Amino acid sequence: MSGRILIVEDEPALVLTLSDRLRSEGYEVEAAETGDLGARRAREGSFDLVLLDVALPGKNGFDVLRDLRQQRVATPVIMLTARGQ
């Protein structure tokens, strides 16, 4: 097994695409569609990586990351965005 990845993204098509690709490479994948749910899963699960969207319903990705770091969650995070700026 290559590791566990949490995808925090509200776009179902992107979650499906990323999940399929990552699973084909041997990763175990979980997903959350809101910032609040993603933050909870990141705190409670033992993930090797979090793929975190910037624009999420409820709590945005920057707030989620700040909260996780304040709570001493040191899991590596890659921020995703569709913004052009």
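Let me start with a definition: buried means under 20% relative accessible area, exposed means over 50%, and partly exposed is what falls in between, with a 1.4 Å probe and protein chains only. What we have here is a predicted model, in which local features need pLDDT of at least 70 and side-chain atom pairs count only at pLDDT 80 or more, while totals for chains, interfaces and linings use all residues. Residues are numbered from 1 along each chain as its sequence is written, and side-chain values use heavy atoms, with hydrogens and water left out.

I will take the salt bridges to begin with, meaning a side-chain nitrogen of Lys or Arg within 4 Å of a carboxyl oxygen of Asp or Glu. A search of the whole structure gives six of them. One joins Asp 67 to Arg 66, with the closest N and O atoms 3.1 Å apart; here Asp 67 is buried, at a relative accessible area of 12%, whereas Arg 66 is partly exposed, at 42%. Through shared partners, salt bridges connect Asp 36, Lys 59, Asp 63, Arg 66 and Asp 67 into one network.

Now to Arg 4, which counts as buried at 19% relative accessibility. Its side chain meets that of Glu 30 in a salt bridge of 2.4 Å, N to O, and because Glu 30 lies in strand E2 and Arg 4 in strand E1, this pair ties together parts that are 26 residues apart in sequence. Strands (E, at least two residues) and helices (H or I, at least four) are DSSP runs, numbered from the N terminus. The side chain of Arg 4 also meets that of Glu 28, at 3.2 Å, N to O, and Glu 28 is partly exposed at 32%.

Next, the interior. A nonpolar core is a set of buried Ala, Val, Leu, Ile, Met, Phe, Trp, Tyr and Cys residues joined through side-chain atoms within 4.5 Å. The largest one has 11 residues in all, including Leu 6, Phe 47 and Val 73, and strand E1 (3–8), helix H2 (35–44), strand E3 (49–53) and helix H3 (61–70) each supply at least two residues of this core. Apart from it lies another core, of seven residues, among them Ile 5, Val 29, Leu 49 and Leu 51.

Finally, which residue has a positive phi although it is not a glycine? That is Arg 72, with a phi of about 65 degrees; Arg 72 sits in the loop between H3 and strand E4 (77–80) and counts as exposed, at 75% relative accessibility.
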